[in-house]
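Open the model in your viewer and keep the selection tool ready.

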Amino acid sequence: MKDVLELIGWMALVFAASVGASYAFHALVGRWRGPKLDPCGAKLRLRAAHGVYRCRVPEAGGGEWTVSSPIQRDAYVPLQVGETLTVEWPTPKGVVLFRTRVLSRDAVDHTFRIAAPESPRPQERRGEPRATEFPVDRVAFDGRPAELVDLSPKGCRLRTRFAPAPGSRVRVDLPWSEEPAFGAVLEQRAACFDASPGVEVRLVFEARVPVGLSG
């Protein structure tokens with residue numbers, strides 16, 4: 001009987017230790033990941049095919065966000081169901097960038113619902129150094145010639161004659177990288193390219209890219 005009680009006691013200790021270790025692990029992971037970001041009340045910057053707009057998030061839940069309809073020239077912007085958007089969400093930890101789509105629209109209050117990001121992770125774009133000198137400054141931008149202005153692992157600026165709409169998904173082929181880089185257009189402005197009128201495009205990459213020959 002004594003041996004049985006000792007065995008039960010050891011099993012209880014092992015169980016308690018495992019529970020404590022599991023709790024400590026999850027608490028440590030939670031601290032490492034930081035506090036969960038709450039989008040309610042957040043101000044968003046939306047980039048659609050026809051423009052860039054600012055909106056708010058009055059409520060969120062169930063994998064969807066309700067977003068106030070942007071207004072342009074005193075009229076509601078008619079975002080279409082199924083339309084793809086690029087979203088910038090400023091947070092105290094950095095900017096969350098993600099692509100989403102319009103799920104539904106409300107004709108009464110002019111709000112619409114978008115798919116929430118699966119695992120939003122803020123990134124501090126200013127923390128990444130930007131290179132301004134490259135082994136080769138000519139790149140292919142969606143198959144068209146372009147010239148790099150600056151480049152970081154998370155984004156770049158380039159000059160070209162091709163003017164994609166903000167929010168567009170684009171491809172950049174860097175001469176020193178075997179894999180193409182895909183990203184979203186953030187904004188563009190008039191610029192000179194090859195001594196002719198063109199545009200300067202700023203974009204953010206979907207994944208980190210090598211900045212030079214050393215990667």
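Predicted model: local features only at pLDDT ≥ 70, side-chain atom pairs only at ≥ 80, totals over all residues.

Residues are numbered from 1 along each chain as its sequence is written, and side-chain values use heavy atoms, with hydrogens and water left out.

Switch to surface. The chain exposes about 13400 Å², and carbon and sulfur atoms supply 55% of it. The areas come from the Shrake-Rupley method with a 1.4 Å probe. Of the 215 residues, 37% are buried; buried means under 20% relative accessible area, exposed over 50%, partly exposed in between.

Next, select residues 84-91, strand 7. Here 6 of the 8 residues are buried, so the strand is largely enclosed by the rest of the structure.

Strand 1 (residues 43-48) runs antiparallel to strand 7, joined by 3 bridges; pairing requires at least two DSSP bridges. Zoom in on Arg47, whose bridge partner is Thr86. Strand 8 (residues 94-105) is also antiparallel to strand 7, over 8 bridges. There, Pro90 has Val95 as bridge partner.

Last stop: Ser68, in the loop between strand 4 (64-67) and strand 5 (71-72). Buried or partly exposed? Ser68 is partly exposed, at 24% relative accessibility. Show its contacts (heavy atoms within 4.5 Å). Beyond residues up to four places away in sequence, Ser68 touches Cys55, Arg56, Pro58, Thr111 and Phe112.

Definitions and conventions. Buried < 20%, exposed > 50% of the residue type's maximum accessible area, 1.4 Å probe, protein only. Helix = DSSP H or I, 4+ residues; strand = E, 2+ residues; numbered from the N terminus.
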